[in-house]
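Here's a quick briefing to read alongside the model. Have the sequence and the 3D view open as you go.

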Amino acid sequence: MSYFIDGTPYSYCPVAAGDPVPLNVGWLDAHHDFRKTKHPDDLSNKLAWLCVSAEAKRTRGIHVCELCPRMEHGYYRLQIPEREEFLLGTAEIRISSAKAIYAAPNLILHYVADHHYAPPDDFIEAVLALPGSNSILEWKLVRGPYW
């Protein structure tokens, strides 16, 4: 996956003329340090909802987490009871705050939940400001083959 510094202008995919350029969040790799902290479960629950319900910019490839030990099948799936599974590393999410629009890979859920990645405070506040109904309480990340 491409690495971008948090808060820099988004450049992974083209942005339509006249549309505001989002800011990058969560484009991590194994060669760059990142801020870490333990988050409330509500942040991960709302990120899970964004990955499922607010997907943007689906890609054709699959990105694996460069921070995890290499495995033959290093894909992450978001499992939600009685719903289909969602493959992470294949799309982006968008979230708006009063200050900016943010673009993040949907692997951000894994980065926050498993690697304790700390996105910028404004991004966190925007996610936590989503209504309570925009949350998935029962989910888990599963690593392994997708097919």
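Is E82 buried or exposed? This is a predicted model, and in it E82 has a relative accessibility of 86%, so this residue counts as exposed. The cut-off for that label is over 50%. The rest is sorted by topic below.

**Two loop residues with positive phi**
- E82 sits in the loop that links β3 and β4.
- Its phi is near 60°, which is a positive value in a residue other than glycine.
- H116 isn't a glycine either, yet its phi is positive at about 60°.
- You'll find H116 in the loop between α2 and α3.
- With a relative accessible area of 31%, H116 is partly exposed.

**The sheet**
- Three strands form an open sheet in the order β4-β3-β7, and the pairing is antiparallel.
- The edges belong to β4 (86-87) and β7 (140-143); each has a single partner strand, so one side of each has no neighbour in the sheet.
- α2 packs on this sheet and touches β3 and β7, with its direction at about 100° to that of β7.
- Between β3 (residues 76-79) and β4, the antiparallel pairing runs over 2 bridges.
- Across from R77 you'll see L87 in β4.

- Helix α3 covers residues 121-128, and its buried residues include D122, F123, I124, A126 and V127.

How values were computed: Residues numbered from 1 in each chain as written. Predicted model: local features only at pLDDT ≥ 70, side-chain atom pairs only at ≥ 80, totals over all residues. Heavy atoms only, no water. Buried < 20%, exposed > 50% of the residue type's maximum accessible area, 1.4 Å probe, protein only. Helix = DSSP H or I, 4+ residues; strand = E, 2+ residues; numbered from the N terminus. Pairing = 2+ DSSP bridges. Contact = heavy atoms within 4.5 Å. Axes fitted to C-alpha atoms, helices over the stretch in contact; angles between N-to-C directions.
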